[in-house]
Amino acid sequence: MSWWNEEEVLQNCKILFRKELGNSSCEMSLLMINDSDMKEINLLRRGKDKTTDVLSFPLEFDFSPLSAVLQQRKKKPHSSLPPIALGEIVISFDTLKKQAEEIGHSEKDEFYRLLVHGFLHLLGYDHERGEEEEKIMKEKEDECLDILQDL
């Protein structure tokens, strides 16, 4: 992964956090794995016996508690509250490479597309709840990717 730069990834995650969560301190886990491991996780966690590109495992399964925490933090912006633990994003590097080639963009671009997609799932966005939710999530993905590409 010649394009991989951990410091850049961390900085871009901070940009996503700030865009979507303001000045709240946040944490998330990012795991890069192969298709075989992704297939196993997908079967274990979702009952789907196939690999996929990205999975997200939010610590909050209802968006409203996260909203309440963010509202509370806006009232006390300089308090020493612990970081918000968002959850985990799992990306299959094998599928990322295949999709980048199929789509015709770089592996780095595909990585950020999958990272943003997974991040939005951690925040409660879900394209599988119907056309309107899918449209909202797609617009949000485009906004986030535009910000990262403008750097």
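## Overall architecture

The chain of this predicted model has 6 helices and 3 strands, where helices (H or I, at least four residues) and strands (E, at least two) are DSSP runs numbered from the N terminus. Read along the sequence, these elements follow the pattern α-β-α-β-α-β-α-α-α.

Residues are numbered from 1 along each chain as its sequence is written, and side-chain values use heavy atoms, with hydrogens and water left out. Local features need pLDDT of at least 70 and side-chain atom pairs count only at pLDDT 80 or more, whereas totals for chains, interfaces and linings use all residues.

## Burial, contacts and surface

Of the 151 residues of the chain, 38% count as buried, meaning under 20% relative accessible area, with exposed being over 50% and partly exposed in between (1.4 Å probe, protein chains only). Among contacts (heavy atoms within 4.5 Å) in the chain with a separation of 6 or more, residues 24 or more positions apart account for 69%. The accessible surface, computed by the Shrake-Rupley method with a 1.4 Å probe, comes to about 9200 Å², and 48% of that area belongs to carbon and sulfur atoms.

Helix α4 spans residues 93-103, and its buried residues are F93, T95, L96, Q99 and A100. Seen down the axis of α4, these buried residues fall within an arc of 155°, so they line one face of the helix; the arc is that of the directions from the helix axis to the C-beta atoms. The cover over the buried residues of α4 includes β1 (26-33), α2 (35-46), β3 (84-92) and α5 (107-122).

The face of α4 turned away from its buried side carries the exposed residues E101 and E102. Just after α4, G104 takes a positive phi of about 90°.
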